[in-house]
Amino acid sequence: MIKRTGSQERQPFALSGLLPYLIIIIFGLALYGRTAFFGFTFLDDSALILDNYPVISDLRNVGTVFSSDVFFSEDKSYYRPLLNVSLMLDAALGGAEPTVFHLTNILLHIIAACLVFLMFLKLGRSRGLSLFLSLLFLVHPVLSQAVAWIPGRNDVLLAIFVLSAWISFLNFSERPRLSTYLGYLFFFWLALLTKESALFLPAVVIIYFLWVQPARVNRPDRWLLAIGSVAVAFFWLLMRRFALGQLGGDSLAAVASLGANISALLVYIGKILLPVDLKSFPVLEDSRLIYGLIALPVLAICLWLSRHKRWPFLLLGVVWFLLFLLPSFIRLSGLPDFLEHRAYLPLIGFLIVMAEIDFIGAADWNARRAWLAGGAALVLLAGISFWHAGIFRERLAFWEAAAAGSPHSPLVQRNLGAMYYLQGEPSKAEEHYRLALDLNPREEMAHNNIGVIYLDQKKYEEAAAEFRQELEVNPGYDRALFNLGESYFRRGQTDEARRFWQAALSANPYNQEAYRRLLNRENPIQ
């Protein structure tokens, strides 16, 4: 596959004009089209869409989106308003049904792959190589979750805005103009409003103009980029502070968390180069490091033997991969998870590195043999993606697969119990709630969910005891407060019930059940 001078092989097809984008669109729709008919997994999508539907169903609430955390909760950890804006637009088109949400995910993934193609062109790669790398991005199994799971779109949106900012910067470096400079700042701001890890984009820009292409950007323009980036980041911090009331957590704990989870790097590298240990909800304890331990030396050897590699671009790719992935390892509460959609933006840095391997970057992508070999790899990866995406088709299949792949996750056991409850199997549900509590006695929502089962069984005192245990673990949890009120109401103690319903409404002003109960507390239970 190494490029040979004087090759007589004909170009397999002309990649001029819009044809590469058309190929990306066709392949994207063919691979992921069926996900439009998938349901909800009840991992964050139920909270973001179903629980918050009274908010996102009304476009007039856009101000609320920009002044609240992503879940409209008291936790206030994540400021990601553009995710909710995208969900609002979907709700306006298709209501609470999942179809439009899934369709949007497919379209966003295709847009991201088109931007990957354009980015590699801007980095000086041939159209053939750029198309291959963008198709590799399009079909890679580690990104299946970002497409088939609705909340995975947040990382897709992040990639779209980061790539748009990056391409605007590359245009500015080629020909400094006010429009490209403002384009970089605007898309950087949108990326920040999507996910916090966008803060590291200016560092990638600095790496580029200091070590990759130092002649491209003169000193005044470097200062202009730096000052503009700081100004945008400061404006975003003010918006975040206004919405959440705080800027961050314990720095020392964050560093400790990052160090404790650093071995997850091998997990992600293994899944990128040997995508055979894919899981719907991976945790470190149940993940295999062996694939990364095999893949990393093989990658290093391939790079070492490559004569045409460019060290500055290798540095760029490694920095991109690490800066956009490592922040996801910081988890300050609960058992950390390493969901595969978080590799979405970092994978682009990995592709920059892989393009420096001779049998990829120096191959003759005008020759049929290159596309035969590359096409075989793409078909294999697409087949794995097609299979893996099926895990996300509906809630029970998702959580059963999650429990099989991550049996040591209390969250997985708890949520599998919830799926069995929704399926009308309370005994199985309680069994998995108890498993969750065995793994983590302070697992949030487990006691509440057991209490709901007891409410259904008219064991009101046992239910109340479970709700109180939940509130010891999770003070201010509005559902436990509401359910505790229900346990009193069903025993005829309406004053006590009213007190807890008011507490639930204070904890969550959007708790519609508590609001309705307070208005109709004298009505009998139907």
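In which helix does P81 lie?

**View 1. P81 in helix α5 of the predicted model.** As in every view that follows, what is shown here belongs to a predicted model. P81 lies in helix α5, which covers residues 81–94. With a relative accessibility of 1%, P81 counts as buried, because buried means under 20% relative accessible area. When residues up to four places away in sequence are not counted, P81 touches V65, F66 and L193. A reader who also looks for L323 will find that its C-alpha atom is separated from that of P81 by 22 Å, the two residues being 242 residues apart along the chain.

**View 2. N105 in helix α6.** N105 lies in helix α6, a helix made of residues 98–122. At 0% relative accessibility, N105 counts as buried. Leaving aside neighbours within four places in sequence, the residues in contact with N105 are A146, V147, W149, I150 and R153. N366, by comparison, is 261 residues away from N105 in sequence, and the distance in space between the two, taken from C-alpha to C-alpha, is 32 Å.

**View 3. The packing of helix α1 against helix α6.** Helix α6, which holds N105, packs against helix α1 (residues 19–32) at an angle of about 145°, and the axes of these two helices are 9 Å apart. The crossing in which α1 passes α6 is right-handed. On the α1 side the contact is made by P20, Y21, I24, I25, G28, L29 and Y32, while α6 contributes I106, H109, I110, A113, C114, F117 and L118. Sorted by class, the residues of this contact are twelve nonpolar and two polar, with no charged residues.

**View 4. The packing of helix α7 against helix α19.** The axes of helix α7 (residues 127–139) and helix α19 (residues 368–389) come within 9 Å and cross at roughly 15°. This angle makes α7 roughly parallel to α19, because angles under 35 degrees count as roughly parallel. α7 passes α19 in a crossing that is left-handed. From α7, the residues that make the contact are G128, L131, F132, L135, L136 and V139, and from α19 they are W371, G374, L378, L381, A382 and S385. By class, nine of the residues in the contact of α7 with α19 are nonpolar and three are polar, and none is charged.

**View 5. The packing of helix α20 against helix α21.** Helix α20 (residues 395–405) and helix α21 (residues 410–422) have axes that are 9 Å apart, and they pack at an angle of about 150°. The two helices are therefore roughly antiparallel to each other, since angles over 145 degrees are counted in this way. Their crossing is left-handed. The part of the contact that comes from α20 is made by R395, L396, W399, E400, A402 and A403, and the part that comes from α21 is made by L411, V412, Q413, N415, L416, M419, Y420 and L422. This contact has ten nonpolar, two polar and two charged residues.

**View 6. E443 and M445 in the loop between α22 and α23.** E443 lies in the loop between α22 (426–439) and α23 (446–456), and M445 is found in the loop between α22 and α23 as well. E443 counts as buried at 8% relative accessibility, whereas M445, with a relative accessible area of 26%, is partly exposed. The side chain of E443 makes a polar contact with the side chain of R414, at 3.0 Å. Not counting residues up to four places away in sequence, E443 touches P410, L411, R414, A436, L437 and E470. Most residues other than glycine have a negative phi. M445, which is a residue other than glycine, has a positive phi near 80°.

**View 7. D44 in the loop between α1 and α2.** D44 is found in the loop between α1 and α2 (45–51). Although D44 is not a glycine, its phi is positive, at about 70°. With a relative accessible area of 33%, D44 is partly exposed.

**View 8. N508 in the loop between α26 and α27.** N508 lies in the loop between α26 (494–507) and α27 (512–519). At 18% relative accessibility N508 counts as buried, because the cut-off for buried is under 20%. Once residues up to four places away in sequence are left out, N508 touches F72 and D478.

Key:
Residues are numbered from 1 along each chain as its sequence is written. Side-chain values use heavy atoms; hydrogens and water are left out. Helices (H or I, at least four residues) and strands (E, at least two) are DSSP runs, numbered from the N terminus. Buried means under 20% relative accessible area, exposed over 50%, partly exposed in between (1.4 Å probe, protein chains only). A polar contact is a pair of N or O atoms within 3.5 Å; within protein, one must be able to donate a hydrogen and the other to accept it, and residues adjacent in sequence count only if both atoms are side-chain atoms. Contact means heavy atoms within 4.5 Å. Axes are lines fitted to C-alpha atoms, for helices over the stretch in contact, and angles run from 0 to 180 degrees between N-to-C directions. Angles under 35 degrees count as roughly parallel, over 145 as roughly antiparallel, 65 to 115 as roughly perpendicular and the rest as oblique. A crossing is left-handed if the near helix is turned anticlockwise from the far one by less than a right angle, and right-handed if clockwise. Ala, Val, Leu, Ile, Met, Phe, Trp, Tyr, Cys and Pro count as nonpolar, Asp, Glu, Lys and Arg as charged, and the others, Gly among them, as polar.
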